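Here's a quick briefing to go with the structure you're about to look at.

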Amino acid sequence: MTAESDAKLVELGRKLFAGEWHFIWASPSIETLPPMAGVEVAFAGRSNVGKSSLINALTGRNALARTSHTPGRTQELIFFEGPDNAGFRLVDMPGYGYASAPKAKVASWTMLIHKFLQGRASLARVYVLIDGRHGLKEVDLDVLNTLDKSAVSYQVVLTKADQVKPAELEQRVADVRAALAKHPAAFPEILVTSSRTGAGMPELRAAMVRLLGERS
């Protein structure tokens, strides 16, 4: 990939996400999913990893996805649609792992996540968000294994990079890269982002534009 083509993808990504994005659907179960259409990318991650903040930063909107200081607030698969004719959707998934909710409810969200990942033909990629302060946890590895079995392409996105010292962040990226080498469905490049500063957002948008081009 040349610098010129990278710059072109970044600009196309900026235009795509500068367009109108809106909420279209919320699914508490597999039975209530919207009909498949176009290309979908989903955001998965532990509760409180910053999925909603990332979606808001990507789209340049403060309140497209609901953010909360209480882990586990997103309890459904939330679908957002991009500009007309883009044929592109974002899916905010329930956070897995810890949530301030009854264990049975957390288990049902986790089952919903795994079922969705295994059976959605329009799902082109899953962005697995990992807290840059903490790195991969056991519960993250469970989701990576599900993605490997489902043969769904996925890419790791480190969040909250602004809260980690540069040397520590560099080590975190190296550790995650080494762990991903054991996962066949993982995209090799790790994206490092901060919703607060906007770092990494142009690269993430560009990655989605490239994916759209591959699927069109």
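This protein chain is built from six helices and seven strands. Keep in mind that you're looking at a predicted model. If you walk along the sequence, the elements come up in the pattern α-β-β-α-β-β-α-β-α-β-α-β-α. The radius of gyration is 16 Å, close to the 17 Å that the globule rule gives for 216 residues, so the chain is as compact as a globular protein of that length.

**Overall size and packing**
- Out of 216 residues in the chain, 50% count as buried.
- Take the contacts between residues at least 6 apart in sequence: 75% of them join residues at least 24 apart.

- The chain has an accessible surface of about 10400 Å², and carbon and sulfur atoms account for 54% of that.

**A residue to look up: Thr193**
- You'll find Thr193 in the loop between strand E7 (191-192) and helix H6 (201-215).
- Is Thr193 buried or exposed? Its relative accessibility is 0%, and buried means under 20%, so Thr193 counts as buried.
- Setting aside neighbours within four places in sequence, Thr193 is in contact with several residues, including Leu54, Val157, Leu158, Thr159, Lys160 and Ala161.
- Ala199, Gly200 and Met201 are also among the contacts of Thr193.

Conventions. Residues numbered from 1 in each chain as written. Predicted model: local features only at pLDDT ≥ 70, side-chain atom pairs only at ≥ 80, totals over all residues. Heavy atoms only, no water. Helix = DSSP H or I, 4+ residues; strand = E, 2+ residues; numbered from the N terminus. Rg over C-alpha atoms; globule rule 2.2 N^0.38 Å. Buried < 20%, exposed > 50% of the residue type's maximum accessible area, 1.4 Å probe, protein only. Contact = heavy atoms within 4.5 Å. Areas by Shrake-Rupley, 256 points an atom, 1.4 Å probe, with all protein chains shown as cover.
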